[in-house]
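This report describes selected packing and pairing features of one protein model. Please consult the sequence and the structure shown here while reading.

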Amino acid sequence: MAPLLDDSEKERIRSELGRRVKGLRSSAGMTLEQTSERTSLAVSTIYKIENGKVSPSFENLLRLARGYGVGLEKLIAEPEDEVSTTRLTVTRAGQGRSVEGKVYDYEVLCNGLTGKKIIPLIGTISAAGDTSPAHLDRHDGEELLFVLSGEVELLVEHYEPVILTAGDCAYYDSTMRHGVRSTGPEEARVFWACTHINGLD
């Protein structure tokens with residue numbers, strides 16, 4: 001299990017992520033306005049991400065990666081991380097790349113492999129997570145959700161909410177608005193597998 005992040009570690013992660021995002025934009029020779037058009041993100045949102053002012057949602061990280069035509073690992077991998085062009089990579093327990101999300105904290109797995117069609121990650125979900133319709137998100141692709149511990153409520157557009165407990169699994173179309181929150185007395189941990197599809201929403 002990855003260690004819980006304190007405030008200083010979260011600030012460091014936001015700052016490093018912001019530098020990588022800004023570096024990709026600079027390498028692509030794109031303005032904030034051009035990036036906004038490519039990603040459907042507001043200029044102010046991109047600016048705040050680049051300057052470590054906000055924690056982007058997983059969906060917004062996907063939009064940035066697709067907008068720049070790179071894999072998600074380009075946004076979250078440290079420069080010294082070993083990146084392989086082979087088709088095998090291993091992540092040992094607790095050694096994934098930690099990312100502070102807007103609603104969930106993620107441990108992204110198997111960053112050593114570029115161009116993955118599936119993005120594997122472990123999410124830590126706070127009971128304070130908001131799944132009201134205004135705060136749900138959507139993106140291209142499909143997702144598999146497997147509950148490792150705790151109890152969560154999965155809300156998917158057009159469907160009744162579903163309660164999932166440890167060992168339960170759900171698969172859904174990510175183009176529908178969706179969200180997850182912990183319903184138990186403690187944080188929940190889930191395994192996510194999300195398809196990475198080229199192109200924008």
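## Terms and basis

Contact is taken to mean heavy atoms within 4.5 Å. The model is predicted, so that local features require pLDDT of at least 70 and side-chain atom pairs count only at pLDDT 80 or more, while totals for chains, interfaces and linings use all residues. Residues are numbered from 1 along each chain as its sequence is written, and side-chain values use heavy atoms, with hydrogens and water left out.

## Nonpolar core and W192

A nonpolar core is a set of buried Ala, Val, Leu, Ile, Met, Phe, Trp, Tyr and Cys residues joined through side-chain atoms within 4.5 Å. Buried denotes under 20% relative accessible area, exposed over 50%, and partly exposed in between, with a 1.4 Å probe and protein chains only. The largest core has 39 residues, of which L75 and W192 touch the most other members. Helix 4 (residues 58–68) supplies the largest share of this core, six residues. Helices (H or I, at least four residues) and strands (E, at least two) are DSSP runs, numbered from the N terminus.

With residues up to four places away in sequence not counted, W192 touches Y104, Y106, I119, P120, L121, G123, I125, E143, L144, L145, Y172 and V180.

## Strand 3 and its partners

Strand 3 (residues 118–125) is largely enclosed by the rest of the structure, because seven of its eight residues are buried. Two strands pair if DSSP finds at least two bridges between them. Strand 2 (residues 104–108) pairs with strand 3 in the antiparallel sense over five bridges, and Y104 stands opposite I125 in strand 3.

Strand 3 also runs antiparallel to strand 9 (residues 188–195), to which eight bridges join it. Here L121 stands opposite W192 of strand 9; L121 is also among the residues that W192 touches.

## The open sheet 6-5-8

Three strands in the order 6-5-8 form an open sheet with antiparallel pairing. Strand 6 (162–165) and strand 8 (178–182) stand at the edges with a single partner strand each, so one side of each is left without a neighbour in the sheet. Strand 5 (residues 151–156) pairs with strand 6 over four antiparallel bridges, and T165 in strand 6 is the bridge partner of E151.

## I76 in helix 5

I76 lies in helix 5 (residues 73–76) and counts as buried because its relative accessibility is 1%. Apart from neighbours within four places in sequence, I76 is in contact with R20, R97, V99, V108 and N111. I76 and N111 are 35 residues apart in sequence, and their C-alpha atoms are 8.3 Å apart in space.
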